[in-house]
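Trainee: I have a model open and want to go through its contacts. Can we take them one by one?

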Amino acid sequence: MTQEITFWVLAIIAVCGALVAVVRRNLIHGVFALMIFFAALAGLFLLLLAEFIAAVQILVYIGAVGILLLFAIMLTERVTGDDGRSITARGWFWGLAAAVAVFVFLLLPAIQEADLPESTQSIQPSVKALGHKLMDPYVVTLEVLALLLTAALIGAVAVAQGAEVNKKEDSDDA
Amino acid sequence: MSFELVVAILIATVPLLAIFPSLFALTTWLERKALARIQNRRGPNKVGVPCTRIGLFGLGQPAADGIKMLFKEDIVPKGADRLFHLLAPILALIPAMLVLCFLPLDFSFLAVWDESVAKDIKAVQGFALDGAVIFFFAITGINTLSVFMAGWASRNKYSLLGGMRAIAQMISYEIPLVLSAVVVVMMVGSLNAKEIADAQVGWNWFVFTPWGLAAFIIFFIAALAETNRSPFDLPEAESELIAGYFTEYSGFKFALFFLGEYISMFAISGLAAVLFLGGGEGPGVAGYPWLAVVWFLAKIFSLIFVMIWLRGTLPRLRVDQLMAFAWKFLLPLSILNILVAGFAHFIPQGNVVAKVAVWMVSLGILYAAAKGLNGLSRAEVKPREYKYAQ
Amino acid sequence: MSFLGGGIFSGMAVTLRNFVGSYFDPDRLTTNDYSWRPEGQLPQSAGEYPREEGEQLSDTTTVTNYSRNFPMLLHDGGDNPMDAIRCVACQICERECPPQCIYIEKDYDENGKFIKRPAVFDIDISVCMGCQICVEVCPFDSIVMNSQFELSTPNRFDGLLLHRGDLLKSNDYYHRIHPEEAKARDQRMAVEKAAKEAKKKAAAEAAKKKAEEKARAEAEAKAQEETGDKEEEAQ
Amino acid sequence: MTLEHYLILGAMLFCVGLLGALTRRNAVVVLFSIEIMLNAANLNFIAFWRFGENPEALQGPLFTLFTIAVAAAEVAVGLALVIAVYRHFKTVDLEQLDTLKEE
């Protein structure tokens with residue numbers, strides 16, 4: 001019973017948070033709604049006994065991605081975050097229609113048709129087991145991921161700084 | 001949910017909610033008193049028992065301040081975002097209170113009447129989670145958001161500047177903070193706070209190993225920055241930003257910020273005590289389990305006193321110095337520390353001589369690296385050049 | 001201490017000494033204790049607070065020499081302080097002041113000639129940050145730090161703008177509040193003055209010599225001229 | 001709670017993300033929406049792991065862990081691109097970034 005209440009509350013918070021994040025005009029409000037969505041999802045992970053994933057979700061999404069988004073908004077938009085122009089693209093109706101159609105005609109029937117397992121097995125969540133798995137079969141994946149993150153770091157710095165360097169060169173030429 | 005489970009949850013959480021806010025009141029008094037004594041002043045010494053002239057060393061000051069804060073007018077600036085302005089102090093307090101449950105303060109001794117309730121308490125306490133330490137860091141990170149929220153919602157350029165400074169600082173110092181904790185996690189092989197504390201039983205505190213000492217120093221410095229304590233209190237630099245992100249806060253919202261800041265100070269000192277100072281370990285714990293809580297709080301308090309002492313000693317850093325210190329000094333040093341700890345752990349240490357040799361070598365490497373990094377990142381100090389004089 | 005972080009530890013030792021010492025050594029408690037007196041004897045208004053400059057500082061304390069608050073202007077005594085003011089309105093401090101809280105206007109006599117003293121010398125102490133840079137740059141030792149701190153005022157605009165009259169203090173006062181510093185400054189000034197006078201004397205002697213030489217040369221030239229003239233006449 | 005609940009929730013979140021990505025014109029909001037879609041997928045991974053045959057293999061959490069790391073890298077690079085675009089075009093409005101369009 002407690003689990004069901006928790007699930008419904010978290011599900012409603014998650015959907016509302018995501019919707020607000022997507023439709024809100026003020027971008028800062030949008031980012032904070034997105035944080036609420038991430039937090040609700042972390043709660044759902046906890047409910048599914050994936051506690052390490054929940055911690056990583058909070059650490060990465062709220063602690064890092066959210067702050068990064070805030071910085072990007074502060075650097076690109078007006079500081080108030082209010083977007084004065086029309087917020088939706090020209091074909092917004094078709095976008096809405098496509099999203100609803102994907103849900104109603106593509107995802108929902110697939111879920112309802114599928115033969116899903118009903119019962120859960122009792123599990124003992126263990127960070128140690130996760131760590132061992134990362135070291136034994138998935139070590140190459142981990143290394144590739146580390147490489148990817150390094151590349152992303154260098155790439156992000158290069159892309160974000162590139163314009164300035166180019167500008168300097170341009171002004172030197174001129 | 002059974003009634004006994006509810007009782008267990010209450011026993012596991014209520015002491016935390018009772019102890020730490022009252023310690024907060026005591027700490028504000030201690031801080032003001034200690035700072036005053038360091039600066040040759042007396043500090044609060046008038047407020048004591050109401051309606052009398054009994055001073056009680058000014059111990060009534062926190063209560064008087066609290067009452068004053070409650071009755072102050074709550075001002076919201078005209079252009080402010082009212083919702084976020086209200087939410088920011090709450091969001092500052094909640095994560096700070098939340099992380100307290102990941103400190104291994106075991107209150108199961110309170111359930112003297114029933115063994116099963118004591119067992120339940122052990123099960124529901126936050127530090128029983130397998131990844132308690134990583135949860136701690138994750139939830140501490142939310143604090144940053146509240147700082148931004150306060151700075152942005154105030155519609156004040158100083159607040160926004162303070163908020164952005166705070167975010168940059170907190171993100172930068174979170175990395176050495178986590179990396180220095182990784183050393184301990186590596187040594188114990190667990191992210192569970194209880195297991196980490198238990199691994200240090202019998203004065204095997206991690207602070208007494210070379211890598212543990214280095215990690216403790218890095219952790220403590222990063223913790224100072226993370227909780228915006230002097231000398232890293234740039235986000236609230238009074239002389240530059242007129243208090244930074246909470247410039248526009250008054251009354252009880254301001255008090256909430258204050259409370260949140262102190263609670264996160266307790267929390268991070270508590271984590272330092274768990275990781276490096278043996279948690280609740282101390283003489284007499286085996287016989288009386290409640291002594292563990294006392295020892296733990298004593299360790300937290302000694303760390304807090306060092307924080308206050310440092311605040312009375314050191315001047316504030318500049319922004320560029322702050323960033324350079326995090327990225328050019330603490331970060332490489334903490335990564336090197338992980339390497340040193342790993343090697344030292346796997347070098348066979350049969351006898352005492354080998355062990356001492358390994359310790360001396362690793363201490364030497366760490367010190368030399370710190371010295372070298374310090375030399376590399378130190379800016380050339382020149383006397384001030386005057387433009388017009390001479 | 002030369003090891004890494006040693007500076008921090010020695011600083012902490014200093015503050016710890018202060019912290020512990022303040023409980024045993026009354027000299028380390030420098031605040032005036034407005035202790036509770038029986039009803040009726042409490043200070044009724046701000047005017048009853050110790051206002052005299054001398055009263056604010058007890059001379060037994062060790063920090064008196066180094067306590068500083070806002071700048072003041074020195075004069076060398078006499079009935080009219082403006083005659084003995086050291087400031088020559090060179091405006092170096094005005095230009096060097098980081099928060100730009102000093103405002104100086106030069107003084108002119110009736111003929112519009114600059115006389116070396118300030119007509120207006122204002123310091124806005126709501127802006128001043130007490131950095132002491134003006135003291136460091138002043139070539140005439142005319143601006144030094146005061147340690148008066150009872151500056152609270154009901155008016156934040158005019159009340160916190162100190163004018164020339166408020167800032168002018170005698171050298172004796174300076175000796176009273178910062179004895180060591182003032183003595184050192186006076187000694188340095190005396191040495192500098194002596195050196196300057198010696199230089200002046202040397203310069204004067206040199207000038208005298210030069211003048212003598214010139215006179216001699218002129219005399220010689222004249223003599224030559226005269227002889228020349230005579231020769232011409234003779235021719 | 002059955003698996004179906006979680007899957008429908010995931011599907012709904014995915015569609016909300018899709019809606020944002022298709023209809024908003026601010027590049028940062030499009031990035032949010034992509035994050036929402038990735039998170040919906042993560043929810044599905046975890047739900048399938050929890051209700052699946054062999055939870056000891058920990059495939060769901062591991063895949064989610066990798067997804068989160070990749071998403072973090074993606075956000076970092078994406079936001080760097082947004083900033084670069086903003087520096088160049090002085091806007092992050094996706095409808096105005098049409099220099100390749102035939103006039």
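Mentor: Here are some questions and answers on this model, which is predicted.

Trainee: Which helix gives the largest share of the side of chain D that touches chain A?

Mentor: The contact takes 62 residues from chain D and 71 residues from chain A. On the chain D side, the elements giving two or more residues are α1 (3-23), α2 (27-51) and α3 (59-89) of chain D. The largest share, 22 residues, comes from α3(D).

Trainee: By class, how many residues on that side of chain D are nonpolar, polar and charged?

Mentor: Take the side of chain D that touches chain A, with its 62 residues. The classes there are 44 nonpolar, 11 polar and 7 charged.

Trainee: How many charged residues does the contact of α3(A) with α3(D) have?

Mentor: Residues of α3(A) in this contact include Phe52(A), Val60(A) and Leu68(A). From α3(D) come, among them, Leu65(D), Val75(D) and Tyr86(D). By class, the contact has 19 nonpolar and 3 polar residues, and the charged count is none.

Trainee: Now chain B. Which of its helices each supply at least two residues of the side that touches chain A?

Mentor: This contact takes 20 residues from chain B and 18 residues from chain A. The chain B side has 16 nonpolar, 3 polar and 1 charged residues. The helices are α5 (132-140), α6 (142-153) and α7 (157-188) of chain B.

Trainee: Which are the edge strands of the open sheet in chain C?

Mentor: The sheet has 3 strands, in the order β2-β3-β5, with antiparallel pairing. Each edge strand pairs on one side only. They are β2 (102-108) and β5 (161-162) of chain C.

Trainee: Which residue in β3(C) stands opposite Tyr103(C)?

Mentor: β2(C) is joined to β3 (residues 114-124) of chain C by 7 bridges. These two strands run antiparallel. Opposite Tyr103(C) stands Asp122(C).

Definitions and conventions: Residues numbered from 1 in each chain as written. Chains lettered and ligands numbered in written order. Predicted model: local features only at pLDDT ≥ 70, side-chain atom pairs only at ≥ 80, totals over all residues. Contact = placed C-beta atoms within 7 Å. Helix = DSSP H or I, 4+ residues; strand = E, 2+ residues; numbered from the N terminus. Nonpolar A, V, L, I, M, F, W, Y, C, P; charged D, E, K, R; others polar. Pairing = 2+ DSSP bridges.
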